[in-house]
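The structure itself is shown first.

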Amino acid sequence: MSKVKESMEREFPLLEGISSPDDLKALPTEQLPALAEEIRQFLIHRVRENGGHLASNLGVVEMTVAIHRVFSSPDDHIIFDVGHQSYVHKLLTGRKDQFDTLRQAGGLSGFPKREESEHDAFGTGHSSTSLSASLGFSEADKLCGSDAYTVCVFGDGAYTGGMIHEALNNSRKNLRLIIILNENEMSISKNIGRFAKTLSKLRTSGGYFKTKSVTASFLQKLPLIGKPLFSLLLRIKMSLKASLYGSNYFENLGLYYLGPADGNDEQVVEKLLREAKKSGQSCVVHLKTKKGKGYAPAEATPDKFHGMSPAASTATGVNSFSSEMGSVLCDMARKNQRICAITAAMTDGTGLSQFRSAYPERFFDVGIAEAHAVTFAAGLAANGMRPVVALYSTFLQRAYDNVIHDVALQDLPVVLCVDRAGLNAWDGPTHHGTFDVAFLSQIPNLEIYTPITRVALRNAMYHALHSSHPAAIRYPNGCEDPLIVKAFYKDGDVRDVGVRNDFLNTPSDSPEDVDGILITHGRIVKEALFAKEALRERGFSLGILLLEQLKPYEKIAKEILPLLPAKPCKIVFLEEEIRAGGMGMLLSDALLRYEVMKNKSVSILGLEDAFAVPTADASALSLAGLDAGGIVKALLS
């Protein structure tokens, strides 16, 4: 037996004995609290060391245990919203031995992933999608005559997203659909106060459902008057409830509602889920859980333990691009009372905490509603404000129509701060910002900036906020790289945004001394610098052009022209985004209209028509041929 296995059996004896939901169902009820404690300690240890989402998973331990004891995955479908709270689900479905690989290349995904396990019914990564998908599963089962249940788990944060409401509007009563609303931060219903608490306690008592069922059965069997009497009593009950503590949104939609109840009491949750299952209809089970439960620091500040980087990581910090953006925005807002900031439930992640504190009246967190955020910003801009919308690149995808229809078509000066641009470690393809350059480049009136140092970011924000057109400023996760600063920003100079070059590293300040030109933007320029050194050892001189702005492409093309050698040479465009419709295609097209390009050999290195998924032994860059080795090969071929 391995030392790791021995350690697991010693530290987590109950958890080690569970390799499938069947093992969990066989566990005696009295051992479930001890199992919950083991799961929490396991998560605290592994997530603090390797990174991941901690607070949300600590809060759903009992709830997830109850789900797997009541339902039969994978025959029943369990779908988590976002999926960052699915770690307990992964532990209980045979993946605990792989947990040290969580969010690592070739390892366990930080979100549900269909290719990873038959127990992951639907892949997620963005919020508010779960109920639409679950509804699809339920309708498919009904059409096929399947008796499977679909269990949808979403939090009150997801409830701020429009898709949840759209799906609720389309939910039907006669489906085998169990909707679990996990309320862990803010209240979204009127079910508060002494009466609601009493009702909740009554509903979770042992005899309540049995009494309710027996009474309904008895009344409906009475000849002539039974069914009318039952209907009358049901209407009286609903009227009494509405007058005492307000009508229930879910019941008004025709859904059977249970709760609210303590989601951290496994036995209570089991009772509610078994009743929901027995009801034979679409049902909402409303649970209240404690985010970060069982780990005092996470309970006190769950936001700080929401998404954690690995212990050894230095990818984020006070000087990250996100925090720098927030600091610059605060500086500019002091001088301009019309500047305001908008985010979609990502205040800390997008670096806007400082702005929120300094200018609360000009700060708007709209919840997980990216499309609304962009159109809201368009309204602000149309009425004279200067709104800045800070979103992750992959979340901006959800507002594409709004950028086109509400912002660009009207040429409104909205600034989009596109955070987490490019390939992002740990979270995988659901969070790789590899599409924004291509989809934003197609939009008229929109300017695109690509700063990769703090100086460049400050310059880009100044220009964007003084432009009369909409603009997007895209930057990666993490901090500026000293190697990039040294190569392209030698004196820390502040100039107009545009094109930087490293020709001063050649013997004479002239592009005529180079054998090839590499044109790129963003963090991947570091790979170009490594390739430059490798090429120099082979007698090949490479000049690198670093773009601080992409669009308008015609403007950038004109800035590049004087930096191209007149002699024949190779020109390579390099980007860590999708090649189709990206910087390389559009900028090369703009350059090829000029005579100087007639004797140039042009190639484009970018992500091909596939999602970037690293393996255990290769990074996404190397697999795509975008690392230093791939660049050298392209220039020497």
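A search of the whole structure finds two cavities of 30 Å³ or more. Here a cavity is, on a 1 Å grid over the protein atoms alone, a set of points where a 1.4 Å probe fits but cannot get out, and lining residues have an atom within 4 Å of a point. Grid points are joined across faces, edges and corners, and a volume is the space filled by probe spheres set on the points. The model is predicted, so local features need pLDDT of at least 70 and side-chain atom pairs count only at pLDDT 80 or more, while totals for chains, interfaces and linings use all residues. Residues are numbered from 1 along each chain as its sequence is written, and side-chain values use heavy atoms, with hydrogens and water left out.

The largest cavity has a volume of about 80 Å³. Its lining comprises 13 residues, of which A421, R474, P476, G522 and R523 lie nearest the centre. By class, this lining has five nonpolar, four polar and four charged residues (Ala, Val, Leu, Ile, Met, Phe, Trp, Tyr, Cys and Pro count as nonpolar, Asp, Glu, Lys and Arg as charged, and the others, Gly among them, as polar). The second largest cavity, of about 40 Å³, is lined by P429, H432, T434, F435, A610, F611 and A612. Five of the residues in that lining are nonpolar, two are polar and none is charged.

Next come the sheets. Helices (H or I, at least four residues) and strands (E, at least two) are DSSP runs, numbered from the N terminus, and two strands pair if DSSP finds at least two bridges between them. Seven strands form an open sheet of mixed pairing, in the order β7-β6-β8-β9-β11-β10-β15. Its edge strands, β7 (363-365) and β15 (549-551), each pair on one side only. Within this sheet, β10 (residues 447-449) and β11 (residues 471-474) pair in the parallel sense over three bridges, and Y449 stands opposite I473 in β11.

A further open sheet has five strands in the order β12-β14-β13-β16-β17, again with mixed pairing. Because β12 (499-501) and β17 (600-607) stand at the edges with a single partner strand each, one side of each is left without a neighbour in the sheet. The twist averages 20° from one strand to the next; angles run from 0 to 180 degrees between N-to-C directions, and axes are lines fitted to C-alpha atoms, for helices over the stretch in contact. Strands β13 (residues 516-520) and β14 (residues 542-547) are parallel partners over five bridges, with T520 opposite L546 in β14. Helix α24 (residues 525-537) lies across β13, β14 and β16 (569-578), running at about 170° to β14.

Helices α25 (residues 553-560) and α26 (residues 583-591) pack at an angle of about 65°, with their axes 9 Å apart. The contact (heavy atoms within 4.5 Å) is made by Y553, I556, A557 and I560 of α25 and by M583, L586, L587, A590 and L591 of α26. These residues divide into nine nonpolar, no polar and no charged.

Finally, some backbone features deserve mention. The peptide bond from K551 to P552 is cis, with omega near 15°, and P552 lies in the loop between β15 and α25. Another cis peptide bond joins G259 and P260, with omega about 0°; P260 is found in strand β4 (residues 256-262).

Methods:
On a 1 Å grid over the protein atoms alone, a cavity is a set of points where a 1.4 Å probe fits but cannot get out, and a pocket is an open set with protein on both sides within 12 Å along at least five of seven lines; lining residues have an atom within 4 Å of a point.
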